[in-house]
Amino acid sequence: MRKFSSRKGALGATRRPGAAAGHQVDAVPRLGPAGAVEEPSVEGKAASRPRRADAPAASASRPLRLRDALRGQARVVGVLLAWSVLEAGQTFLLGYALARAMDDGFLRGRQGTGLWWLGLAAVGVPVGAYGTGRVFRGVAALVEPLRDRLVRRVVRRGLGDAVRGGGSGAARPADSAVVSRLTHQVEIARDAFGGLVMVLRSFVFTAAGALAGMIALAPVLLLVVLPPLAAGVGLFVAALRPLARRQDRFLSADEAVAEECGELAAGLRDITACGAREPMAARADVRIEAAQRAARSLARFGVVRTAALAIGGQLPLVLLLLTAPWLLSSHRVTPGALLGAFAYLTQSLQPALQNLLHTLGAAGTRLGVILARLTAPEPPEAPELPEPPAPPAVTATEPGLALQLRRLTFAYGPGAEPVLRDLDLGVAQGEHLAVVGPSGTGKSTLAGLVAGLLRPAAGEVRRNGEVVLVPQEAYVFRGTVAENVGYLRPEAGPDDVLAAVAAVGADALVAALGGPEGAVDPAELSAGERQLLALARTYAARGRIVVLDEATCHLDAAAEARAERAFAARPATTLLVVAHRISSARRADRTLVLDGPRTVCAPHDTLLAASPLYRDLTAAWSPAPAG
Amino acid sequence: MAVIADAARRDAGRVVALGVLGLGSAGLALVLPAALGHALDLLLRGEPAGRWTALCALIVGVQAATAAVEDLLTGVTTARATAHIRRTAVRHMLAAGPRAAHRGTGDLVTRLVGNASDAAGTPASAASLPAALAAPVGGIVALGLTDPWLAVVFLAGAPLLTLLVRHFARASADCVTGYQHVQGRIATLLVEALGGARTIAAAGTKEREAARVLGPLPELAAHGRTMWHVQGRATAQAAVLVPLLQVAVLAVGGIRLAQGALSPGDLLAAGRYVLLATGIGVVVGQLGAVVRGRAAAGRVADVLAEPVPAYGQRQLPPDGPGTLELRGVTAVRGGETVLDGLDLTVPGGSCVAVVGRSGAGKSVLAALAGRLADPDAGTVLLDGCPLPDLTETGLRDAVGYAFERPVLLGDTIEDTITFGPRPLPPRAAEEAARAAEADGFVRLLPAGYATARDRAPFSGGEVQRLGLARAFAHPGRLLVLDDATSSLDTVTELRVAQALFRDHPHRTRLLTTHRASTAARADTVAWLDSGHLRALAPHATLWPDPEYRALFGGEDA
């Protein structure tokens, strides 16, 4: 037994508050458990370094607001507005030409003049429509970059959440949730934003065209029309914020129903088996009722929209009728102008306002809510999970050691009992170490700590070389064999790839895939085939400390033995195997038996004598029947 | 559709009111232009128009009030119907139990949430359909009443409108497909990368992965821009038509005015009627909503059509030994007979291990034993009572289940273990967890047994042990373990088995397994092969048979 001991230490006194909670740990030398001044640990250094490559993404992770989508798009907005002027011109012409056609033409019996003016309005129609068509290009130039940003955020956020906490799955979002964000919610945001830009712009320019037309006909008309229009729009704008809140509550309540239904649907067998049908139905009822209340509250608020439309769109009609005797008698307004004003109100302003209120009320508030959700800075849940620390730096170990654990302690939460406590272990350069133990004794945790995925609560990990971790769930992505195998060493040539493939016994698989340039579709591969590719990738990597965390569990015993021997024979390689089968321990130089306070590390023969658990394990895993 | 009709019946008053109000406001919308026109004519002639002005104001006021009430009624009716349909469907799904699960979770949720609310909107959409139809039809009629020539001009131009709208629908559908295809590619890449989170975390390649997943993004943006351009062209084409129709009607109206056949007020009204008449698009939209609602209701109805097992009135004999009997049991799954007239008796208090190749029907047998499913033929009896004769409570209290992949339910870890029809005594969760070797890792959680379930990451083995704890916490005479220890290492499995024998020595146990060591501990092994019982004997008796040994091949080598 080399440098190994395990003691129950009084953690509370020495563990720095916050260290386990993932807070930044300063790089000042600190008192170790024994009271001696230590060098700052690897983790301390890593934490104090500036954040890694994802720093720009992190700094941009405040919630996205609507105006962010417009920032820096001045030119696009300018072009958009310029084309919209054509639409305003069309609106202007429709009312103005009607007024002139009446006053100068039809009302005086001059049909030719009347038709000439209406013909002019007709010419304006395709011109305005052409403008509308061009406006869509501007909308595309505004909306598509926003969509790009949202997709980037969703992807980075999904990956970030999955990787946080060492990819252990603690904060890992459900695939379905991420896909829904990527395909469904981003699309709602895209459509809503596009619709909003179109409708808002259309209202502004239609209103501008109509109001300009009234000024041209008789400025006094504005006195009658503008105040109620402004009041109606103002009322609605004032109501937008409470409306958005209700919309938010409604969406949340509906999501809660979906979540509950998802649990029920996924758990039908278990609910039936436990006889828990009634309590679960009652639980679902509560959520369904809450959703109903939220929907009703949203519906009640729809009254504000109707009121706004009545005030802004209909009231001017009545006012115009009421003031018409005065307007006409004082010759401020001609009959044609009055007709034109009515036309502006009923044909242009009212429909545009109705469209605006409808879109703002539905799409607008929904967009705000979805933008805020898609781009929320950090998940409120699981705050104790740290960002993955930087890839561990190479640090000095005692001479001859590749890996050195000193009083290593780790717990999954500040209040939780440590999984590993005061673990001391040295692994020699070129040594082959197996790790065995019952479920839950910290085998994978140890692998994560060695690879730097987890930050110890106390103690330290020193590594005299780069660590490569191969987890149980092999990651193979869509691409060529060479891309997958060369993933950790991009400069690897085809010969390196083939050598690594042959070493771990993946040559038949790679030949079947069509050689190094063959395409890999992860969905087409079995779990074992994916593990073979991941092993070849690890073999080709630069790192000299290889950690196989049940990385061969889907291979048959012979394939597993071949792969492990390949790594053991790999030049200058220190191998740490978290064993799936006890046969892995038989091949190792030494085996670490993780068993809480009875943890031991020794060669096979010594362990048979020293560890009752090890004896149990070897007996239990032997092929002969026990009974 | 029964679903919609049922929801509409429950809110009949509101639905009828919606229809009446809708027709009323459509009528008002048709009367207003005429009244407005008449008032304008009076004003232009210099005559007093006070009464007509007042009438217009009244119409506008009533219109606003009607619209408000309509909005409110639509919202309330839809919300109530949504809740009703969801409650009904959820209860039915729970009553159908595992039989409904064949649709898949995602599909069921879509039906219970999205489809339910789409279907619930149908009564309101249908109620306002007559009004939506009345406005354009009324507009054309009013146009004709104002002057027949105006209606002729409109009807001649309208077909063009329909053609253009149809062209738009086709053009946009084409480019949407390309867009969704690229979107799907990004989603696939992302899901793959999420599955490799630990590798990515260890290699520190998060940024590289993000770049790889986002690789197709420029292509997506290109498709997206094409969509907007196509939509822009189509919208521009459609945007030409309505104003041109209006100008054409106004031009003809102007000529008729000059001829003295029309008044300026009539012309004003005509302009408004053209707009109402082109609102035929609203009808199409409303009709579309009704059609979609019916389709959605159909999808909800599929869930409601899932057969619900009936329970009987009988109680089990108290203190029965827990003898399980399968008599001539046949089960068909996906057209294949997985169990074929199987006879098997598990004596009370004994432990029988069911083994067989994958797909031999082990899990189906486990499901039949506690009536998670009914056999297609034959009978399953517990202490002499056919299972369908038992009350639901009696059956569930008597039979406990643990699964290979248990679904954990309940808010905290404690709730997860005590999950069932009624609360359990305090400390029940801890005792059960200790027996299932789960106490150790639960204590390592931030808040122990009070930790929220969704905050605690569990490995497959830990989930299995919580599932076992749940089964142990609810004692009954029969315990069915369906491959429920497959992810435990052998030492842990041994401890769990010992606890099981120690704490409940008289419980009948039926377990399915792939492991020789598990089969070895059972009193008897039932070897299933091609739907039949190939052998029923102790493990040691069967072990010399190489075909028997092959069942456990490789795994324990």
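The model is predicted: local features need pLDDT of at least 70 and side-chain atom pairs count only at pLDDT 80 or more, whereas totals for chains, interfaces and linings use all residues. Residues are numbered from 1 along each chain as its sequence is written, with chains lettered from A and ligands numbered from 1 in the order in which they are written.

**Contact between chains A and B**

- Chain A contributes 141 residues to the contact and chain B contributes 132 residues, two residues being in contact if their C-beta atoms, placed from the backbone, lie within 7 Å.
- On the chain B side, 80 residues are nonpolar, 30 polar and 22 charged.
- In this classification, Ala, Val, Leu, Ile, Met, Phe, Trp, Tyr, Cys and Pro count as nonpolar, Asp, Glu, Lys and Arg as charged, and the others, Gly among them, as polar.

**Helices H14 and H16 of chain A**

- Helix H14 (residues 494–504) of chain A and helix H16 (residues 527–540) of chain A have axes that come within 8 Å and cross at roughly 125 degrees.
- Helices (H or I, at least four residues) and strands (E, at least two) are DSSP runs, numbered from the N terminus; axes are lines fitted to C-alpha atoms, for helices over the stretch in contact, and angles run from 0 to 180 degrees between N-to-C directions.
- H14(A) and H16(A) are therefore oblique to each other, as angles under 35 degrees count as roughly parallel, over 145 as roughly antiparallel, 65 to 115 as roughly perpendicular and the rest as oblique.
- Residues making this contact include Val497(A) and Val501(A) of H14(A), and Leu532(A) and Tyr539(A) of H16(A).
- The contact residues of H14(A) with H16(A) comprise 10 nonpolar, no polar and one charged.

**Annotated transmembrane regions**

- In an unreviewed entry, UniProt places the feature "transmembrane region" in chain A at spans including residues 192–215 and 221–240; such annotations may be inferred rather than shown by experiment.
- Residues 192–215 of chain A are 100% helix and 0% strand, with end C-alpha atoms 34 Å apart.
- Residues 221–240 of chain A are 100% helix and 0% strand, with end C-alpha atoms 29 Å apart.
- For chain B, the UniProt annotation (unreviewed entry) covers residues 12–36 and 238–258, among others.
- The end C-alpha atoms are 36 Å apart for residues 12–36 of chain B, a span that is 100% helix.

**Ala97 of chain A**

- Ala97(A) belongs to helix H5 (residues 74–105) of chain A.
- Ala97(A) counts as buried because it has 26 C-beta neighbours inside 10 Å, the cut-off for buried being 20 or more other C-beta atoms within 10 Å.
- Beyond its neighbours within four places in sequence, Ala97(A) is in contact with Trp117(A), Leu118(A), Leu120(A) and Ala121(A).

Notes: A residue is buried if 20 or more other C-beta atoms lie within 10 Å of its own, exposed if 12 or fewer, and partly exposed in between; C-beta atoms are placed from the backbone.
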